[in-house]
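Hello,

Here is the structure I promised to hand over. My notes follow it.

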Amino acid sequence: MAATSNTLLQGTLDGLILKTLTWGPRHGYGIARWLRTTSDDTLTIEDRALYLSLHRLEERGWVAAEWGLSDNNRKAKFYRLTPEGKRELKAERERLTEYARAILRVFASTIAEPSA
Amino acid sequence: MSLFRLPRSLRRIHRDVDDEIRFHIDSRIGALVAGGMSPDDARRTAEREYGDVAASRAELTEVDHRILARERWLEWMDSSWQHITYAMRGLRARPAFAIAVVITLALGIGANAAIFSVVDRLLFRLPPLLREPALVNRLYAAFPSPEHDGQNFFVENIPWLRYQDIVNATRSFTRTAGYSDQQLALRTGDDVREVHVGAVSASFFDFFDAPPALGRYFNAAEDMPPSGALVVVLSYGTWQTRYAGRSDALGATLQIGPATYTVVGVAPEQFVGVWTDEPPVAFIPVAAFLGAADDRRRGKTWFTSYDLDWATMLVERKRGVSIAAANADLTAALRRSWKEQGGPPDLQPHGLAESILTERGPNQRSVSRVAALVGGMAFIVLMITCANVASLLLARALRRRREIAVRLALGVSRARLLAQLLTESVLLAVLGGIAGLVVAHWGSTVLGRMLLPAGADTRVLTDTRTLGFVGVPVLMTGILTGLAPAWLAVHVDVVRHLKNSGHGDTLRTSRARMALLVVQGALSVILLVGAGLFVRSLNNVKALPLGYDADRVLTVALNMRDVNLDSGAAVALRERLLATAMRVPGVEHAALHLTLPFVNTALGNIQADSLVRRGLPNFRINAVTPDYFATMGTRILRGRGISTADASGAPAAVVVSKRMANLLWPGRDALGQCVREGGEKTCRLVVGIAEDIKGNILDDDTGLHYYYAAAQFKPQRNGVVLRMRGDAASGVEVVRRTIQREMPGAASVSVTPFANAIEQERESWRLGATMFSIFGALALVLAAIGLYSTLAYSVTQRSHEMGVRIALGAQATDVIWLVVRQGLVFGGAGVLLGGVAASIAANRFASLLFSESPRDPVVYASVGGVLLTIAAVASAIPARRAARVDPNVSLRSE
């Protein structure tokens, strides 16, 4: 089952990006590539949406941006996690866990509808 | 991978976004080509995968703009905060300077704000919510008056018939209305209070864009003669306080005066009618007020007679109708009405459409003119203040030149330095402004009590117009007075100031300061001359012989409220009150009177055989009991005063004033002559001649007064006047309580010292004397501070020169004289300039003075002397310091 970018909520994309950056600063292309590889091509994210997320994350202070040199010595814009970003990532993870747990509880329930 | 940051700017944003997108797409193309795709396919795929590049560029740029803006904002906040803390530290290091500036600003700005808030309310603030404030006028009828030397006297209240005549005959007005304000007794249960009520015509509310908060206003049918309908519209405040804003206030009843009214509506919150200083508690139809009046005859005839006043007329001109055109229209209508009434044809009235504000109309009190003058004066003081502050800031900036040179040499940009210095002066200005508000709050309360009606709102802290008026000078002071010195200091020659210890350069800058000082001195002279002229006027007024001795006299006024007595009972009541008054301990004399100078005078209609009537009569009538002349202290010059022999039934007697005797019977003996009152047949014989008195206007010497015996005159009205053995004010309560016991029903008495009425007449000169003295002293202090600081600075700059002089043999006195002479030159220049300006200004305002020439040499000479003395004192202190310079130290510090 392929989850397309249409079904991914903006908030989730932000969370994925923040998670990706926990492994060190990356440029936008690197993030896109990593997400594709790690999810085994299941997650296809429109690049445009990715960059919009990145810039908005910078606006909110969760990531910081700097220009640097890529592996091929080309000028590229690198993003890294800020302390506020780390905190937000932790909070987002907790929110998602709660959400997932709630859904699982419903699906796993064996109790029928309580009698009126 | 190296990381480096480049500074952001607007142009870079577009470039960076392009670079980032291009990097991504190129990298993807590279990866696809490495995986075996053709370059063209790779490009197409990569671009497809990316999405709409142009749209992406736009949205990314937008976000980056926001990021940049935020960054810049934070930077600005940070550097401002740095500037402020630095400035505060600098001020704390030099507290004397900071305090001097803040106090100077506080006094200047505060005084200005206080005066503005009062003068604005008197002269400028129009009633709120008017639909067309520029087109609304109040009508005055101007009649030529021989007793005022052919000048006009202005009538505000017109009869209802006249109003109808004008409305029918004029074409210039969109709408007209009438209004009058009344003090009426508002009764709730047992509680009775006198409140301000607006008696207005139904069309009054159409002048305002003010839909009622509840219910409706009264309509034309409820304002028709003979007595309208007993309906009332509450003010918003009254609705909130008495009925807690409940909607069942509609239909409630209120007893106002003698009648009971039903509430039909509530006015909106801002609405005060035309009474900005004292908003009425409620509004009733004029017809209802007049119809329900105590005087039964008036209640029936107010709409059929030209003799009875109705209200003041309010008009709204049609668009395009000028005031002159409206006046012409009004005059024509007035004259037709006057003819219709059968008024004397030699008294042709003019119509005048004037401002709603009483103090801008022809009946303006002289107090208001003084108040306007005071306003101009406060502005002058504000200018002095700014000059002083500029001067102090300039001195400080010049002292810091070395420090500034060092900072510039270390690489601080001039812009940043300028910002720093500006922050300092703005900070001072803001502190001064805050302190100024405190001064303004106190000052406006004091001034308001003097100039505005009691109960007027004088709050400054919530008054947006005044706050704006204060805010502007605060900011302007901070920026302008800080700008010039800061600019000067920053454009300093770095090299020169690093090299030497800062001598020289005194000439160029001190010329500016010299000019400032002379101007300050001149302005102080102007204000002090004003003070001197007003003080002398006030003394002249106080020394004026009145023809009676007001000091220990109390007046008792009767307030009958809704108690109606027939004439017999009224006479008996007055006699009883007089007898009671005589018995109060401490009372030396007591008498009844019909009229009283300054409190209420009336024109009589006297006829004598030798009198040729010209114009309106100017004879002021009184009817008194025997002890009157002793009570008032008016001397009888010839013959006798009214005595107990002049009872009803005895031959009618009259006492005339000296001027009246000379006018009616020149060259002959007035005693025994015959006069008649009105259309009477019986003669009243002159039995005595009394000294002339001031009846109505202090500088009027044309009053003609005469006195009948109270027992021989009808009607018997008005109250008691008594003379105390001791101080009048202390007897007020005792007298009031004793006499109040004799009053029937809800009627009451009020007792006031007669001197209060006289004091009120002197108010304008007293105001001028007080305000000019205060501001003159203030200006003088500021000028002295300015002079002191200038000379102190100059002495410090010239310490080298002083050292040389002393080393060459100059005595201490020589050095002192050197400095003091400089101070005296400044002072002298200020006196000269100020004296000339003052005499020009005083000429224009000569009419506000009393028996005082605007060029009074005593005043000018004393002011000049005071200024020169202060200049000498202010320069003596730095002079002493100059004389103590140790030549060893100063010569070596080169």
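**What is in it**

Chain B has 25 helices and 24 strands. Helices here are DSSP runs of H or I with at least four residues, strands are runs of E with at least two, and both are numbered from the N terminus. This is a predicted model, where local features need pLDDT of at least 70, side-chain atom pairs count only at pLDDT 80 or more, and totals for chains, interfaces and linings use all residues. Residues are numbered from 1 along each chain as its sequence is written, chains are lettered from A and ligands numbered from 1 in the order in which they are written, and side-chain values use heavy atoms, with hydrogens and water left out.

**The two chains**

Chain B has 894 residues, and 49% of them are buried. Buried means under 20% relative accessible area, exposed means over 50%, and partly exposed is in between (1.4 Å probe, protein chains only). The accessible surface of chain B is about 41,600 Å². Carbon and sulfur atoms hold 58% of that surface. Areas come from the Shrake-Rupley method with a 1.4 Å probe; for residues, only the protein chains shown count as cover. Take the contacts in chain B between residues at least 6 apart in sequence: 79% join residues at least 24 apart. Contact means heavy atoms within 4.5 Å.

Chain A has 116 residues, of which 40% count as buried. It has four helices and three strands. From the N terminus, the elements of chain A run α-β-α-α-β-β-α. The accessible surface of chain A is about 7,300 Å², with 55% belonging to carbon and sulfur atoms. For contacts in chain A between residues at least 6 apart in sequence, 49% join residues at least 24 apart.

On the H2(A) side, the contact is made by A:Gly28, A:Tyr29, A:Ala32 and A:Arg36. On the H1(B) side, B:Phe23, B:His24, B:Ser27, B:Arg28 and B:Ala31 make it. By class, the residues of this contact are four nonpolar, three polar and two charged. Ala, Val, Leu, Ile, Met, Phe, Trp, Tyr, Cys and Pro count as nonpolar; Asp, Glu, Lys and Arg as charged; the others, Gly among them, as polar.

Another pair lies within chain B. The axes of helix H10 (residues 366-399) and helix H21 (residues 763-797) of chain B come within 10 Å and cross at roughly 10°. H10(B) and H21(B) are therefore roughly parallel. Their contact has 21 nonpolar, nine polar and two charged residues.

On terms: axes are lines fitted to C-alpha atoms, for helices over the stretch in contact, and angles run from 0 to 180 degrees between N-to-C directions. Angles under 35 degrees count as roughly parallel, over 145 as roughly antiparallel, 65 to 115 as roughly perpendicular, and the rest as oblique.

**Cores**

The largest nonpolar core has 72 residues. B:Phe534, B:Tyr628 and B:Phe775 touch the most other members. Leaving aside neighbours within four places in sequence, B:Phe534 is in contact with residues including B:Val370, B:Leu373, B:Trp765 and B:Phe772. A second, separate core has 49 residues, among them B:Phe143 and B:Trp310. A nonpolar core is a set of buried Ala, Val, Leu, Ile, Met, Phe, Trp, Tyr and Cys residues joined through side-chain atoms within 4.5 Å.

**Backbone details**

- The peptide bond from B:Pro225 to B:Pro226 is cis, with omega near 0°. B:Pro226 lies in the loop between strands E7 (214-215) and E8 (231-234) of chain B.
- B:Thr301 is 76 residues from B:Pro225 in sequence, but 9.5 Å away in space, C-alpha to C-alpha. B:Thr301 is in helix H8 (residues 296-301) of chain B.
- B:Leu129 is not a glycine, yet has a positive phi of about 75°. B:Leu129 is partly exposed, with a relative accessible area of 30%.
- B:Ser851 also has a positive phi, near 50°. B:Ser851 counts as exposed, at 61% relative accessibility.

Best wishes
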